[in-house]
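Hello,

I am passing a structure on to you today, with some notes on what turned up when I went through it. Have a look at it first, then read on.

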Amino acid sequence: MKSGVAMADITPEPGPVLQGHWSTNPSHSVLYPLEVRAIVFEEGAVRTAIATLDVIGVTKETTDRIRKRVEAACGIPGDHVMVACSHTHSAPATLPALGMEPPEGWMESIERETAASIVRAASDLKPVRMGLGCGSAHFNICRRPLPGTSGMMLNFGGIVDRRARVLLVEAEDGTPHAVLFHYSCHTTTKSGSEGSISPDYAGIGRRVIEDAMGCKALFLAGCFGNIRPAVINPETGGFKSATKAELDACGEELGREVVRVAGSLKTRRSSQLNARRTDVRITFGEHDPVEDLREKAADESTRGRLLTGPWASGVLEMIDSGGIPDSRATEMQLMAVGPLTCVTIPGEPVQEIGHAIEKRLRGLVDADDIWPVGYANDEIGYLCTDRHYEEGGYEPNAYPYYGEPARFQGEEQTIVQTAESLAKA
């Protein structure tokens with residue numbers, strides 16, 4: 001197998017409001033740059049590409065435009081291209097969410113630089129070997145509310161995945177060529193409402209790896225819809241936005257662990273390389289009661305006027321004109337690279353969905369490890385379990401922020417079954 005790597009800077013000028021934390025404060029500085037990393041693999045006539053972006057997410061339409069550029073420029077099939085986002089909340093808008101729109105020209109720049117990075121990576125391919133490993137980092141925690149509560153909280157008994165998972169790609173002479181690393185924790189260590197542009201802990205970890213190993217590193221997000229950094233306010237005992245030192249400490253912990261794991265790995269040649277994608281529809285449940293929607297439509301608060309009011313008015317118009325759609329169209333993708341199989345999930349999946357995919361695909365794919373990759377190729381909102389809808393809390397009730405007319409239903413089953421179908425195809 002051969003591989004090539006490339007990168008590009010996509011940092012915009014400060015000024016736009018950053019997307020992810022509800023805020024109207026403009027950004028004022030760049031703490032760390034936003035970047036694209038691309039890696040291409042080739043085995044015989046088969047080529048695949050993974051691009052990692054320091055943005056909160058992309059729509060399927062954005063992914064499709066990147067794929068078309070790549071296919072036209074270097075012939076890699078669109079179905080073989082993955083666009084994976086770090087989900088940083090300290091970058092300007094790239095999604096039609098929270099009532100926000102991207103800065104003028106920025107999406108075009110992102111699409112152009114992402115495709116160009118893939119094309120450059122495809123033009124400089126070298127023989128490689130690969131090795132898989134796993135360590136752990138401990139700054140993440142479940143944020144789901146305890147019974148009888150509704151807000152995010154430090155849930156020390158809740159589900160969490162602390163694996164720091166590593167794919168080392170090594171040149172034939174034994175020098176590091178690239179490192180892919182995977183971790184499950186919201187990239188929300190430092191609040192974007194403070195106005196500093198950054199890729200959060202993922203970019204800091206990437207820098208630590210690259211400085212230590214002399215090769216490019218690519219971050220792949222896990223299923224962290226209900227997982228966030230455990231940065232604690234000592235006065236309240238709850239969450240807080242990190243200081244720069246606390247942000248750096250999280251990224252450095254993850255980066256050092258990836259370096260430690262990569263340094264112990266033995267690599268081998270592999271010829272397994274394939275990718276496939278499929279369209280999928282996520283079913284909507286019942287919409288909010290009409291009276292509740294009317295109340296939200298009339299809300300004159302700042303958030304009501306900018307976000308929930310227009311959203312509720314739009315849902316009411318759908319109902320008056322014949323009803324809301326029965327489902328949301330999106331996609332999923334499976335990509336096998338040597339000893340690793342990745343399955344993309346088009347939104348903010350909770351940790352339980354990631355574990356369910358890993359369990360279901362064991363024995364169905366020829367892989368030493370299976371990485372469920374959230375925030376990839378599309379982002380349609382939070383993807384929860386049936387139990388989460390029964391319990392309530394933020395994640396199952398965040399659909400208005402994504403502009404969806406109603407909450408989803410049965411998405412865990414749909415996503416896991418689709419992953420199984422991709423594995424069997």
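The lining of the second largest cavity contains four nonpolar, two polar and two charged residues (Ala, Val, Leu, Ile, Met, Phe, Trp, Tyr, Cys and Pro count as nonpolar, Asp, Glu, Lys and Arg as charged, and the others, Gly among them, as polar). Those residues are T52, L53, D54, A84, C85, S86, R206 and F219. Strands β4 (46-53) and β5 (81-85) each contribute at least two of the lining residues; helices (H or I, at least four residues) and strands (E, at least two) are DSSP runs, numbered from the N terminus. The space in this cavity comes to about 40 Å³.

Before going further, please keep in mind that this is a predicted model, in which local features need pLDDT of at least 70, side-chain atom pairs count only at pLDDT 80 or more, and totals for chains, interfaces and linings use all residues. Residues are numbered from 1 along each chain as its sequence is written, and side-chain values use heavy atoms, with hydrogens and water left out.

Searching the whole structure gives two cavities of 30 Å³ or more. On a 1 Å grid over the protein atoms alone, a cavity is a set of points where a 1.4 Å probe fits but cannot get out, while a pocket is an open set with protein on both sides within 12 Å along at least five of seven lines; lining residues have an atom within 4 Å of a point. Grid points are joined across faces, edges and corners, and a volume is the space filled by probe spheres set on the points. The largest cavity has about 70 Å³, and its lining includes I380, Y382, Y389 and F408. That lining has eight nonpolar residues, one polar and two charged.

On to the helices. Helix α1 (residues 60-74) packs against helix α2 (residues 106-122) at about 40 degrees, with the axes 9 Å apart. Axes are lines fitted to C-alpha atoms, for helices over the stretch in contact, and angles run from 0 to 180 degrees between N-to-C directions. Residues of α1 in this contact include I66 and V70, and those of α2 include I118 and V119; contact means heavy atoms within 4.5 Å.

Finally, the strands. Four of them form an open sheet in the order β13-β14-β15-β17, with mixed pairing; two strands pair if DSSP finds at least two bridges between them. The edges are β13 (273-283) and β17 (369-373), each pairing on one side only. Strand β15 (residues 340-344) runs parallel to β17 over five bridges, where L340 has D369 as its bridge partner. Helix α9 (residues 411-424) lies across β13, β14 and β15, at about 155 degrees to β13.

Best wishes
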